[in-house]
Amino acid sequence: MASISLFLSLLLVYWSMAMASTDQASTSFIRTSCSRTLYADLCYSSLSPYASQVGHDPVLLARFAMNVTVGSLKPLSSYIASALRRTPSSSSDQELAALKDCSELISDATDQVKKSEREVTGLEGLVGTQVTWRIANAQTWLSASITDENTCTDGFGDGSDGAGEDVEMEVRQKVKRAEQHSSISLALVNGLVKHR
């Protein structure tokens, strides 16, 4: 009985060491991949929790990045919808129009990131022009998402009237974070070209 317990204990120690080694290699892969993005620290901090699922798969890493991007766009969309409900009718036409435009643009951006993620799903089983075509589509949609995010804040004024300054500042901060995640996703999708 003691020998079985010893064997199981050794097996558990070996398994734990193997898992730690695998996770360490995966986080190293993510760190290296993230170093090629404009926002390496944000990339690593947002994607390293998925190391055990990503392994060394650049397609999975890009897909997780796009899921994180959608995760940053959803609260932004909710915030804008909430701001529209709270904005009094006495607010400037410019502020209301900016929030409405921003709401539509962020919705479009979210859809484009989701389409990009679907486009790279299953790339592992494809070859040749199918791969090139699908990566190009994902790149196009991610670029369009970034454009939508940038355009979202264009409709706001200079913020000098003070009426919607807090809302505008909050939207700008959330949009900036979403743009950074979209940029990370695009960089990782761009990296798929060399892996295929």
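## Disulfides

Cys-152 is buried, at a relative accessible area of 1%, where buried means under 20% relative accessible area, exposed over 50% and partly exposed in between, with a 1.4 Å probe and protein chains only. The model is a predicted one, in which local features need pLDDT of at least 70, side-chain atom pairs count only at pLDDT 80 or more, and totals for chains, interfaces and linings use all residues. Residues are numbered from 1 along each chain as its sequence is written, and side-chain values use heavy atoms, with hydrogens and water left out.

Cys-152 forms a disulfide with Cys-102, and their sulfur atoms are 1.5 Å apart; a disulfide is a pair of cysteine sulfur atoms within 2.5 Å. Cys-102 lies in helix α5 (residues 93-120) and Cys-152 in helix α6 (residues 129-152), so this pair ties together parts that are 50 residues apart in sequence. Helices (H or I, at least four residues) and strands (E, at least two) are DSSP runs, numbered from the N terminus. Cys-102 is also buried, with a relative accessible area of 0%.

## The other pair

The structure holds two disulfides. Cys-34 and Cys-43 form a disulfide with sulfur atoms 2.0 Å apart. The torsion about their S-S bond is about -65°, so this disulfide is left-handed. Cys-34 is buried at 1% relative accessible area, and Cys-43 is buried at 0% relative accessibility. With bonded cysteines counted along the chain, the disulfides follow the pattern 1-2, 3-4.

## Helix packing

Two packed helices are described by the angle between their axes and the distance between the axes. For helix α4 (residues 58-86) and α5, the axes come within 9 Å and cross at roughly 160°. Axes are lines fitted to C-alpha atoms, for helices over the stretch in contact, and angles run from 0 to 180 degrees between N-to-C directions.

α4 and α5 are therefore roughly antiparallel to each other; angles under 35 degrees count as roughly parallel, over 145 as roughly antiparallel, 65 to 115 as roughly perpendicular and the rest as oblique. The crossing of α4 past α5 is left-handed, a term used if the near helix is turned anticlockwise from the far one by less than a right angle, with right-handed used if clockwise.

## Confidence

The chain has a mean pLDDT of 85, and 81% of its residues reach 70 or more; pLDDT is the predictor's confidence in each residue, from 0 to 100. Confidence is highest in helix α2 (residues 40-47), at a mean of 97, and lowest in helix α1 (residues 2-34), at 65. Over residues 15-20 the pLDDT is below 50, and this stretch has zero contacts in the model beyond near neighbours in sequence, contact meaning heavy atoms within 4.5 Å.
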